[in-house]
Amino acid sequence: MRVRVLLTVALLTAAGLTQPAQAQAPAVRITKIFYDSPGSPDNGANASVNGEWIQIRNVSKKAVSLRGWTVRDATKAADHVYTFTAFTLKPGKTVTLRSGKGTNTATTRYWQRSGQGTFTYIWNQTSDTGYLHNASGKLVDSCSYNSSRDDYVIC
């Protein structure tokens, strides 16, 4: 029986019907980016800046500490990087990271950006990419969009 199981696994692997471990979906992933906030472009009013956001979901059955994890867009600008401080994302839960100012909660974090007019915004209105890196700097997930017809992308 053991030989049959090993042979079956070998045949499935050779046929490309199993996924290698590195191809498995991440336990924490980007699920949505709302990049065209209502009222934008404007002069960077906080309500409008907070109208753009990115959602990150823990799809695993274990809590994940996001301390030191980063979110950024495609620019290389240092002020376009958000770093999580002490924060644990519970199993099956989602955290929304809003671009503007606000008070952090268990479900919403704030980038705390303001005072730069239209440069306060993180997400470009027609195309951009969101990147999620773990505390070691390893890319965990990314999500891209390229559309001026929509206001958000489901990742």
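User: How much space lies in the largest pocket?

Analyst: The largest pocket holds about 180 Å³ of space, where a volume is the space filled by probe spheres set on grid points that are joined across faces, edges and corners. A pocket is an open set of points on a 1 Å grid over the protein atoms alone, with protein on both sides within 12 Å along at least five of seven lines, and a residue belongs to the lining if it has an atom within 4 Å of a point. There are 11 lining residues, and those closest to the centre of the pocket are Pro-26, Ala-27, Lys-138, Leu-139 and Val-140. Please keep in mind that this is a predicted model, in which local features need pLDDT of at least 70 and side-chain atom pairs count only at pLDDT 80 or more, while totals for chains, interfaces and linings use all residues. Residues are numbered from 1 along each chain as its sequence is written, and side-chain values use heavy atoms, with hydrogens and water left out.

User: How many helices and strands does the protein chain have?

Analyst: The protein chain has 2 helices and 11 strands, which are DSSP runs numbered from the N terminus (helices are H or I with at least four residues, strands are E with at least two). Read from the N terminus, the order of the elements is α-β-α-β-β-β-β-β-β-β-β-β-β.

User: Why is Ile-54 called buried?

Analyst: Buried means under 20% relative accessible area, exposed means over 50%, and partly exposed lies in between (1.4 Å probe, protein chains only). Ile-54 has 0% relative accessibility, so it counts as buried. This residue is in strand E2, and, leaving aside residues up to four places away in sequence, it touches Ile-30, Lys-32, Ile-33, Val-71, Val-95, Thr-96, Leu-97 and Trp-123, where contact means heavy atoms within 4.5 Å. Although Ile-54 and Ile-33 are 21 residues apart along the chain, their C-alpha atoms are separated by 4.3 Å.

User: What makes E2 and E7 a pair of strands?

Analyst: Two strands pair if DSSP finds at least two bridges between them. Strand E2 (residues 53-58) and strand E7 (residues 94-98) are joined over 5 bridges in the antiparallel sense, with Val-95 in E7 as the bridge partner of Ile-56. E7 is also joined to strand E8 (residues 108-110), by 3 bridges and in parallel, and here Arg-109 in E8 is the bridge partner of Leu-97.

User: Is His-80 buried or exposed, and why?

Analyst: His-80 counts as buried because its relative accessibility is 11%. Its place is in the loop between strand E4 (70-72) and strand E5 (81-83). Beyond residues up to four places away in sequence, the residues that His-80 touches include Trp-111, Arg-113 and Tyr-121.

User: What makes the link between the side chains of Ser-60 and Asn-58 a polar contact?

Analyst: A polar contact is a pair of N or O atoms within 3.5 Å; within protein, one must be able to donate a hydrogen and the other to accept it, and residues adjacent in sequence count only if both atoms are side-chain atoms. The side chains of Ser-60 and Asn-58 are joined by such a contact of 2.7 Å. Ser-60, in the loop between E2 and strand E3 (64-65), also has a side-chain polar atom 2.9 Å from the backbone oxygen of Lys-62.

Terms used:
1 Å grid on protein atoms, 1.4 Å probe; cavity = no way out; pocket = protein on both sides within 12 Å on 5 of 7 lines; lining within 4 Å.
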